[in-house]
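Me: I would like to go through a protein model with you, one question at a time. Please show it first.
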Amino acid sequence: MADEHGVDLVEVAPNATPPVCRLMDYGKFRYEQSKKEREARKNQRQTELKEVRLKPKTGDHDLGVKARQARKFLHAGDKVKFTVRFRGRELAHTEVGREILDEIVEQLRDIAVVEQKPLMESRAMTVVLAPNAKVLKAAQQAQKDLARRQREEKQRRLAGEDAPTSADEPTPLSDDEAVDEDDELDLLDDEDVELDDEFEDDEDFEDDDDDEDDEDDDDEDDEDDEDDEDDDGDVEVAKKRR
């Protein structure tokens, strides 16, 4: 049957009775599997080991601040390593550092588990806490949701760039609307013609007015000349009398 259909015969469950086989394209199956694995590795967040340093003289308030800082790391899915360093004569009282680490473990017991118990290494005592199953699952789910939102945002952005906008595409007119538009254009042309005729009439009227104005100007010039002649005559009469 595999030869007839041009596919591969793949044994899926060899330990079953009878063994289970499938007809498939094995090359395509391997490609899809590798693609899924790459996607899973891409979305998977690498767990980091954060270190919080303490001292035997660390006060209760500062210890609470360090615990809150470690709580943020644990909620993000990371492991936290607490380190108490001893100096000089403090090495003679390592039990103080042990009490501090026990108090830290007690404060974070609701979200963390002890992965490595308090251990003395040279001049430092350390303890490693890891997020419990519930917190770890929530952190992984949050990471998946973030990756999914990023993929959706990328798809929307690509779709928005590819899809043409409605403003760029003119809406086609129906036959009735096209006819109405032609009628409106004809009416506008007729109005333009009438306006042109009126404008020509106005020009003729203005030309007549201009001619009349010119005639008035000529009459005024003649009157000015007559006034000048009268003045000259008056001057001559005055001279004769003298």
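Me: What kind of model is this, and which pLDDT do side-chain atom pairs need?
Reply: Residues are numbered from 1 along each chain as its sequence is written, and side-chain values use heavy atoms, with hydrogens and water left out. This is a predicted model in which totals for chains, interfaces and linings use all residues, local features need pLDDT of at least 70, and side-chain atom pairs count only at pLDDT 80 or more.

Me: In what order do the elements of the protein run from the N terminus on?
Reply: Helices (H or I, at least four residues) and strands (E, at least two) are DSSP runs, numbered from the N terminus. The protein has six helices and six strands. Their order is α-β-β-α-β-α-β-α-β-β-α-α.

Me: What percentage of the 242 residues in the protein is buried?
Reply: Buried means under 20% relative accessible area, exposed over 50%, and partly exposed in between (1.4 Å probe, protein chains only). By that cut-off, the buried share of the 242 residues is 16%.

Me: Which residues touch the most other members of the largest nonpolar core?
Reply: A nonpolar core is a set of buried Ala, Val, Leu, Ile, Met, Phe, Trp, Tyr and Cys residues joined through side-chain atoms within 4.5 Å. The largest one has 21 residues. Two or more residues come from each of β3 (49–54), α3 (60–75), β4 (79–85), α4 (94–107) and β6 (124–131). The members with the most such neighbours are Leu54, Phe82, Leu101, Ile104, Leu108 and Leu129.

Me: Which residues does Leu101 touch, not counting those up to four places away in sequence?
Reply: Contact means heavy atoms within 4.5 Å. Leu101 is one of the core members that touch the most others. With residues up to four places away in sequence left out, Leu101 touches Leu54, Phe82, Val84, Pro118, Met125, Thr126 and Val127.

Me: Is Thr126 buried or exposed?
Reply: Thr126 is in strand β6. Leaving aside neighbours within four places in sequence, Thr126 is in contact with several residues, among them Lys81, Phe82, Leu101 and Gln116. Its relative accessible area is 2%, so Thr126 is buried.

Me: Which backbone nitrogen lies 2.9 Å from a polar atom of the side chain of Asn132?
Reply: Asn132 sits in the loop between β6 and α5 (133–162), and is buried because its relative accessible area is 17%. A polar atom of the Asn132 side chain lies 3.2 Å from the backbone oxygen of Asp110. At 2.9 Å from a polar side-chain atom of Asn132 is the backbone nitrogen of Val135.

Me: How far apart are the N and O atoms where the side chains of Arg156 and Glu153 meet?
Reply: A salt bridge is a side-chain nitrogen of Lys or Arg within 4 Å of a carboxyl oxygen of Asp or Glu. Arg156 and Glu153 both lie in helix α5, three residues apart, which is about one turn of the helix. Arg156 counts as exposed at 51% relative accessibility, and Glu153 is partly exposed at 39%. Their salt bridge spans, N to O, 2.7 Å.

Me: How many salt bridges does a search of the whole structure find?
Reply: One of them joins Glu51 and Arg53, with the closest N and O atoms 3.9 Å apart. Another joins Glu106 and Arg109 at 3.3 Å, and both of these residues are exposed. For the whole structure, the number found is nine.

Terms used: Polar contact = N/O pair within 3.5 Å; in protein donor to acceptor, adjacent residues only side chain to side chain.
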